[in-house]
Amino acid sequence: MIAALLAVAAVSAACDLEAPSGAAGCTRAAVDALPMNAIQVIGTHNSYKIAIAPNEMATIRAVNPKEADGLDYGHPPLKDQLDAGARQLEIDMVYDPQTGTYANPLGFRMAGAKAVPYDFAPLKQPGLKVLHEPSVDYRSVCPLFRQCLADIRAWSKAHPDHVPILVIMNLKEGGLSMPGAVKAPLFDAAAMDLVDAEIRSVFPEAALITPDQVQGKAATLRDAVAAAGWPKLKAARGRVMFAMDCPPDQVARYREGRKVLEGRVAFVNIDENSPAAGYITLNEPKEDAARIAAAVKAGIIVRTRADADTVEARANDTTRQAAAFSSGAQYVSTDYMRPDTRFGPYVAKLPGGGKARLSPVRN
């Protein structure tokens, strides 16, 4: 713990942790001695999402304008987001044991001859599928989970000095209750194993940061992170960490009776006092400020959000963003690494610029 504190003290608060060595207060030796949970970076929410086609959006808006507002955003390819400085990505996925379940969505069918073209071929292939909602918000920069993983892996290999990338996963179940809508099945034990298998088919162990690696010989993951068990940046550069941002029932299915997360690839969003605590999602940076600070001080990695549901972008309101960055959460997510000119100038950027900085709150 003392060594970790000394390492932090040796690095300037203005240092870009991905900058070449030599900048004032930013030597590579000092930076690489930092624990990986001492950083703060920006990332994207629902990183895979392509905007809903305008005519399909108009149909949604006619039924539920507020829902339409919340869905009215999209992102460029994952590579472009990573190039722009995103060091956290979010992937939603659905289980497809029958293969092809999501290849003929209701929204596209309703648009008829006016439907905006979309390549459904990937959705007819085996494997986990990546989309926001099966029937009306199905367009994705990487419809196959394996494709998303391959894109991230290729970028990571080409940029081996990047700070650890966090990939958050949401497991979608169910769907709209209306005629013709598709409902995604439960992520059962086989589906949970498939998540890990698809990740390991693309990422070798040496390219991952896993719960077992961080826990080491500690009795629990929580014990390990509280005792500065996170890798130093020198060891963590060029690697990727996965986390399940899931409700308790899904977390229990993923753990499946394990004491902690033995053998699993991903960390889980779980109560800070759990033996499996190493990561937590706390998306309300103002309301959860004290809880975020306490989690960070306990060694837990936190993700929060700078904006949500297009609300801040439409109002050009940076209040939530400022709270997110000052909270100490290591990963701050946004839908606006670049402005949506339909709404105005709102954009979220890491304070001070650069790709990664020292978190203002540390354990």
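**Close-up views of a predicted model**

**View 1. Helix α12 and the residue after it.** In this predicted model, helix α12 is followed by E256, a residue with a positive phi, near 45°. Within α12, which spans residues 248–255, the buried residues are Q250, V251, R253, Y254 and R255.

**View 2. The five-stranded sheet.** Five strands make up an open sheet with mixed pairing, and their order is β8-β9-β10-β1-β11. At the edges lie β8 (279–281) and β11, each of which pairs on one side only.

View 3. Strands β8 and β9 are paired in the parallel sense, over three bridges. Here I280 is opposite V302 of β9. Helix α13, residues 289–297, packs on the sheet and touches both β8 and β9. The direction of α13 makes about 155° with that of β9.

**View 4. Strand β1 inside the sheet.** Why is β1 described as largely enclosed by the rest of the structure? Six of the six residues of β1 are buried, so the strand is largely enclosed in this way. In a regular strand the side chains alternate between the two faces of the sheet. In β1, I39, V41 and G43 point one way, while Q40, I42 and T44 point the other way. Residues of both sets are buried.

**View 5. The two neighbours of β1.** With β10, strand β1 pairs in the parallel sense over four bridges. G43 stands opposite S333 in β10. With β11, strand β1 pairs in the antiparallel sense over two bridges. On that side, Q40 stands opposite R357 in β11.

**View 6. Helix α15 and its cover.** Helix α15 runs over residues 319–326, and its buried residues are R320, Q321, A323, A324 and F325. Which elements are included in what covers these buried residues of α15? Among them are the strands β1 (39–44), β9 (301–305), β10 (331–334) and β11 (357–358), together with helix α14 (311–315). After α15 comes G328, which has a positive phi, near 95°.

Technical notes. Residues are numbered from 1 along each chain as its sequence is written. This is a predicted model: local features need pLDDT of at least 70, side-chain atom pairs count only at pLDDT 80 or more; totals for chains, interfaces and linings use all residues. Side-chain values use heavy atoms; hydrogens and water are left out. Buried means under 20% relative accessible area, exposed over 50%, partly exposed in between (1.4 Å probe, protein chains only). Contact means heavy atoms within 4.5 Å. Two strands pair if DSSP finds at least two bridges between them. Axes are lines fitted to C-alpha atoms, for helices over the stretch in contact, and angles run from 0 to 180 degrees between N-to-C directions.
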